[in-house]
Amino acid sequence: MRTVQAVRFGGPEVLVPSEAPEPAPGPGQVLVDVSVVGITFVETQIRRGVDPWHPRPELPYVPGGMVAGRVSAVGEGVDPGWAGRSVLADAGSTGAFAERVAADAGSLVAVPEGLGLPEAAALHSDGATATGLVEGARIVPGQWVLVEAAAGGLGSLLVQLARSAGARVIGLARGERKLDLVRGLGAEAAIDYSSPDWSEQVLRVTGGAGVDVVFDGVGGEIGRAAFEVTARHGRFSVHGASSGHLTAITPEQARRRGVEVLGIEQLFSFRARMRPWLEQVMAQALAGRVRPVIGQTFPLERAADAHAAIEGRTALGKTLLLVRPRPSRGGGSRERSVPVAFGQ
């Protein structure tokens, strides 16, 4: 079976195509023939060995935690009705960069008819998380909402869900290509945060009042500047630190500014509701109210290129690995890794 392994901690080049024994479903598990593998930014930090929230895997390891595919076999004690169904499955903390994955049946989420596996995979983590973040931010129609990294997989969904809640959205991104995407998603303003005066631009757009809600997934200096343009009685919602550092805000600073900080710890309470949030956002996608942005795909053996695109800040929306069947001997077409855009 084809897999990709991280042979040491380091840059994308440590991801190496390899072979592994075929898995078999144990009691309470199913075997999933993988079609799509989702990738998160956190997984690139785990690969580098710098992620502060997860234990280091034992080397070598197969990265990835989420797959979309079809159930090909069920283990003891599993409802045989799962066989043949299209599903999203949690491979655990590692193991997803592979042709087949044994996953706990309790992790399965059926992909609704009419929704493609790439779109479902793009919604699996980011869609559910975005739904929870928007719910927790308590957006009131007409309020200004600032979304950092608005052209990313999670950010692009936050833009759309905030708009659906009636917000006036400002999206932060870097470069005209990403800004065009943010505008196309319905943001009222798209601002390049590589500009030294981007925070002043935010204030100008809001008539000097600042924004009522910030979704902070970047942290560091960007997050701190976003906090400074948050209006009094606003909410500052933290969900990541792609800069490498969480936004540093003391309780005293928050009280002085009159801003409610929803810290990164809010994510720890999300787990119990991820399934209903995922089902909710998939239904919205089917209804055409939300569209996952898949900016680029790569074949499994080019996982290193996928990680490099994410870390190089060149990726639009979600980056996915596509796992195609191994071609038969003497035939089959040669696989190409031309980026593909879905739902755009």
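Modeller: Arginine 168 counts as partly exposed, because its relative accessibility is 35% (buried means under 20% relative accessible area, exposed over 50%, and partly exposed lies in between, with a 1.4 Å probe and protein chains only). The model is predicted, so local features need pLDDT of at least 70 and side-chain atom pairs count only at pLDDT 80 or more, while totals for chains, interfaces and linings use all residues. Residues are numbered from 1 along each chain as its sequence is written, and side-chain values use heavy atoms, without hydrogens and water.

Arginine 168 has a partner in glutamate 188: the two form a salt bridge in which the closest N and O atoms are 2.5 Å apart (a side-chain nitrogen of Lys or Arg within 4 Å of a carboxyl oxygen of Asp or Glu). This pair links distant parts of the chain, 20 residues apart: arginine 168 belongs to strand β9 (residues 168–173), and glutamate 188 lies in the loop between α5 (176–184) and β10 (189–192). Helices (H or I, at least four residues) and strands (E, at least two) are DSSP runs, numbered from the N terminus. Glutamate 188 is partly exposed as well, at 45% relative accessibility.

A search of the whole structure gives 18 salt bridges. Another of them joins the side chains of arginine 100 and glutamate 22, at 2.6 Å from N to O.

Arginine 256 and glutamate 252 form a salt bridge whose closest N and O atoms are 3.9 Å apart. These residues are four apart in helix α8 (residues 251–257), so about one helical turn separates them. An α-helix has 3.6 residues a turn, so residues three or four places apart point the same way. Arginine 256 counts as exposed, because its relative accessibility is 54%, whereas glutamate 252, at 41%, counts as partly exposed.
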